[in-house]
Amino acid sequence: MFDEVERDVRSIQLPRWGRVLPAEGVVPWLVYDPDRVAVRPVRRYLADFVAQDGRPASVRSYAYALLRWWRWLQAVDVEWDKATPAEARDLALWLQHATKLRNSARTASRATAGTVNPITRKRYLDDRYAARTVRHSNAVVRAFYEFWLEVGEGPLINPVQLDRRGRRPNAHHNPLEPFRPEGRIRYNPRLPKQRPRKIPDQRWRELFGALGSNRDRALLAMAVSNGVRAEEVLGVRGVDVDWGEQRVRVIRKGTRAEQWLPVSSEALVWLRLHLADLGTPLGPDEPVWQTLRRRDRGDGLRRYPLNYDALRKVLTRANAKLGTNWSMHDLRHTAALRMVADENLSERDVQTILGHAHLSTTAEIQQLVRGGVQATPGPHLDLTIASATAHYSTR
């Protein structure tokens, strides 16, 4: 049985085997072996994942998780279709104690890694694997083996098992619904409970003043006014801005549904200034957020859409000036806390604006505000409630 396998997981070193690279075709990202040949089992699974409407960012994330699994199998000398729960167990143990593989050594961040910033009270990232990373790894590997078990060409068992201890099988099952696996993944670590992080008004003014362009000011002002996610705000096009009603249309992360959100008048003023800086009229299907410099990448000298890495650089430069470590998600937390403190907004309104899948998530934030978290609606949350609440619902 697999329980008889014993390894000294602390002594195992993952090889730098293979790479995740962009691919041509319907699957945007693939795992390649050292000979630059796509790993066939992973390619077939990712093709099925894309067919189920998997987004390119998710495909990339899944590919990296499967690359780690493949490297682990190389380290323990086990074929992918011969893996047992012992390999999944030992990988979970290894992730709890190992240091991340880095392409290059830390430089400026070496002194702050793992420490707490004295201004923001936030901990800097270190080189350890977070609990969410372990859970994501387990979920991806389990889904990968579920696919091959359904196909019938792979292993006989799924190495990532569910923990059903203390549960009666199929308890409270609805006879009109199909049977589903019950229980949590056995080796999933518990997630620490995190409180929303609000940027104080003075710190927000400092952050806003450290930004170097009207584009950056418009983008952050929009994010702090309605709590839009980074991926959602970066997808805004010219046709998605409703100047008269002070709204912006975004594609919601996860559901991919279109939704109109209110925007502060201040954010729209900065957006006007940013569009004037571009020098040329913005087309209806062109992205609102573009690079400030024109570059020639083989198709002429022009601006390119702002991507997530470039947005992170915007905050990195501002943080370097201020000695802070604010992130885009802190803006979302700030907007959430300000909205739940506003008496003109109900919990359902806040849930819809923030795009929470469950009202309980919004209710938890409401309880924190009632419990003493300071979150007064500031001047940067000018939502014009009377005209905007009619447009909160998804269209």
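Predicted model: local features only at pLDDT ≥ 70, side-chain atom pairs only at ≥ 80, totals over all residues.

Reply: Start with Arg55: it is buried, because its relative accessible area is 19%. Buried means under 20% relative accessible area, exposed over 50%, and partly exposed in between (1.4 Å probe, protein chains only).

Residues are numbered from 1 along each chain as its sequence is written, and side-chain values use heavy atoms, leaving out hydrogens and water.

Now the partner. Arg55 forms a salt bridge with Glu231, and the closest N and O atoms are 3.0 Å apart. A salt bridge here is a side-chain nitrogen of Lys or Arg within 4 Å of a carboxyl oxygen of Asp or Glu. This pair links distant parts of the chain: Arg55 sits in the loop between helix 1 and helix 2, Glu231 in helix 7 (residues 230–234), 176 residues apart. Helices (H or I, at least four residues) and strands (E, at least two) are DSSP runs, numbered from the N terminus. Glu231 counts as partly exposed, at 34% relative accessibility.

The structure holds 24 salt bridges. Another one joins Arg197 and Asp330, at 2.6 Å from N to O. Arg197 lies in the loop between strand 4 (184–185) and helix 5 (201–209), and Asp330 lies in helix 10 (residues 328–340), so the pair ties together parts that are 133 residues apart in sequence. Asp330 is buried, with a relative accessible area of 0%. Arg197 counts as partly exposed, at 25% relative accessibility.

A further bridge pairs Arg237 with Asp240, whose closest N and O atoms are 3.2 Å apart. Asp240 is buried because its relative accessible area is 4%. Arg237 is partly exposed, at 28%. There is also a network: salt bridges that share partners join Arg237, Asp240, Arg249, Glu258 and Asp285.
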